Structures are given as structure tokens and as C-alpha cells.
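Please open the model in your viewer and display it as a cartoon.

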Amino acid sequence: MAANTTTNHLQLLLPLELMNKCTGSRIHIVKKNDKEIIGTPLGCDDVVNMVLEDVMDFEIIPERRQINKLDQILLNENNISMLVPKRRKP
């Protein structure tokens with residue numbers, strides 16, 4: 001098989017590097033309790049505790065999906081399962 005000459009170059013980032021790049025941009029966060037939030041990070045510390053503003057907190061409850069809108073929150077890094085930054089256009 002011929003080698004593919006157009007490979008995608010993925011850049012691996014540590015969590016703190018990712019958060020520094022995402023500060024000021026919308027980010028999707030999946031929490032360990034299966035809740036999800038979308039917000040704009042204002043900043044974070046060395047262990048990725050973060051302050052988010054303009055937050056939408058999604059909770060799936062029987063028969064419906066509940067959305068809570070919050071002005072600002074402090075999210076503890078122990079609650080984070082996955083960070084999904086907004087994809088930048090090439």
C-alpha cells in the first residue's frame with residue numbers, strides 16, 4: 001500500500017496548555033457526573049480549576065433536558081472528564 005502523503009499533524013497539548021489556548025473562547029466540558037457545560041473560560045490555575053462565564057449547564061433528567069444558565073462559575077478540576085475546545089477553521 002502506498003503511504004498517504006497528506007497526513008494530519010495533531011498537536012498534543014497538556015491540559016494547562018489547552019486551557020491557556022482556550023481562554024476567552026467557548027469550550028464544551030463533559031463532567032464526571034455525566035452533566036455537560038458550555039462556557040467561556042476566564043482563566044485557570046496550575047491544576048486546571050477554572051472560572052467560566054456565560055455558562056449553560058445541561059442536565060438530562062427523566063423525560064426532558066434541563067438547561068441552567070449561569071453568569072459565572074468556579075469549576076473544580078476533579079469534576080472534569082473531558083474538555084472539547086471550539087474547532088478553529090483552517
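Select H28 first, in this predicted model: its bridge partner in β2 is I38.

Next, select β3 (residues 50-61) together with β4 (residues 64-75). The two strands are antiparallel, and 11 bridges join them. Within this pair, E53 has Q72 of β4 as its bridge partner. Proceed to the turn of the hairpin, where two residues lie between the strands. There, E63 adopts a positive phi near 75 degrees.

Five strands form an open sheet in the order β4-β3-β2-β1-β5, with antiparallel pairing. β4 and β5 are the edge strands, each pairing on one side only. On average, neighbouring strands of the sheet are turned by 30 degrees against each other, direction ignored.

Then show side chains for I27, I29, I37, M50, L52, L75 and L83. Within the largest nonpolar core, which has 14 residues, these touch the most other members. At least two residues of this core come from each of α1 (15-22), β1 (27-31), β3, β4 and β5 (80-85).

Finally, centre the view on L52. Which residues does L52 touch, not counting those up to four places away in sequence? The contacts are I27, I29, I37, G39, T40, P41, D71, Q72, I73 and L75. Among them is Q72, the bridge partner of E53.

Methods: Residues numbered from 1 in each chain as written. Predicted model: local features only at pLDDT ≥ 70, side-chain atom pairs only at ≥ 80, totals over all residues. Heavy atoms only, no water. Pairing = 2+ DSSP bridges. Helix = DSSP H or I, 4+ residues; strand = E, 2+ residues; numbered from the N terminus. Core = buried A, V, L, I, M, F, W, Y, C linked by side-chain atoms within 4.5 Å. Buried < 20%, exposed > 50% of the residue type's maximum accessible area, 1.4 Å probe, protein only. Contact = heavy atoms within 4.5 Å. Axes fitted to C-alpha atoms, helices over the stretch in contact; angles between N-to-C directions.
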